[in-house]
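Welcome, and please open the model in your viewer.

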Amino acid sequence: MRTAKISFVCFVLVAACGGAQTPPPNNGTSADAAAPTASASASAAPEDAGPPKPTIESQREPFVATCMHKMASQTYCSCAFDQFKDVFKDADLSQKPSTEQLTTLRQKTIDNCASKLTDAELKPTVVNACVGAEPRRQQFCECEWTALRKKLEPADFVTDGDSPKFDDAKKSVATTCKGKLAEPVAKEDFLGACSKAPGQTTKTCDCAWKKLRAKSSVEQIAVGLGDTKGALEACKPAAH
């Protein structure tokens, strides 16, 4: 388990292209924002006819809008939609996409679009995701971006962060940004994320934090380098 607020952000966006055909919410923040809107011209069709099936082009505007809500890059989001068009060109868009389709879309977006991202587009997204609603993280998050960027290329930020390259980058953050994250803030982040995990109690999470801090710095815990799994195992209540 990694701390919820301070983590690497995956920017690969997959449009929702199935399920009920309902209008997207006005704020465009839902994963369903890429679902097509059903036609309202019922009077022009037989009573027993359902809404028209969505087309690839009907997906363009909501797909790009949803993408740009997460990553303000028209170039990247347009490229991502091109990958969507290719993967789903022969698909029935009224049906739920398969895991294989979504996996293919994700990989094609990484391969063909990630290199189009710029620092100016990436930095606010990475920093804002790190800060969240807690302004006390700002100094650390600014430092985290700088440390990550020295180790990673823009395209690296659209991967899931599980690689030796990312581990090295996280170590750099923990060293370079030492002292920039207050312990009470890091602890609140950890306890908040831990308590939401299935089967965890406040007592167990508090115990795990203490064990982690005995071996790891605040910054190491914040970027996921502490042995959280081991700490939680050691803090499990004894079986009766």
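Predicted model: local features only at pLDDT ≥ 70, side-chain atom pairs only at ≥ 80, totals over all residues.

Residues are numbered from 1 along each chain as its sequence is written, and side-chain values use heavy atoms, with hydrogens and water left out.

Now switch to a cartoon view. You will find 10 helices and zero strands; both are DSSP runs numbered from the N terminus, helices being H or I with at least four residues and strands E with at least two. Among contacts in the chain with a separation of 6 or more, 65% are accounted for by residues 24 or more positions apart, a contact being heavy atoms within 4.5 Å.

Next, select α5 (residues 138-151) and α6 (residues 164-176). How do their axes meet? They come within 9 Å and cross at roughly 140 degrees; axes are lines fitted to C-alpha atoms, for helices over the stretch in contact, and angles run from 0 to 180 degrees between N-to-C directions. That angle makes α5 oblique to α6, since under 35 degrees counts as roughly parallel, over 145 as roughly antiparallel, 65 to 115 as roughly perpendicular and the rest as oblique.

Show the side chains here. From α5, pick F140, C143, E144, A147, L148 and K151; from α6, pick K165, D168, A169, S172, V173 and T176, and you have the residues that make the contact.

Move on to the loop between α4 (119-131) and α5, and select E134. Is E134 buried or exposed? With a relative accessible area of 14%, E134 is buried. Its side chain makes a polar contact with the side chain of R136 at 2.9 Å; such a contact is a pair of N or O atoms within 3.5 Å, and within protein one must be able to donate a hydrogen and the other to accept it, while residues adjacent in sequence count only if both atoms are side-chain atoms. Leaving aside residues up to four places away in sequence, E134 touches V185 and E188.

Last stop: K89, in the loop between α2 (74-87) and α3 (99-113). K89 counts as exposed, at 55% relative accessibility.

Methods:
Buried < 20%, exposed > 50% of the residue type's maximum accessible area, 1.4 Å probe, protein only.
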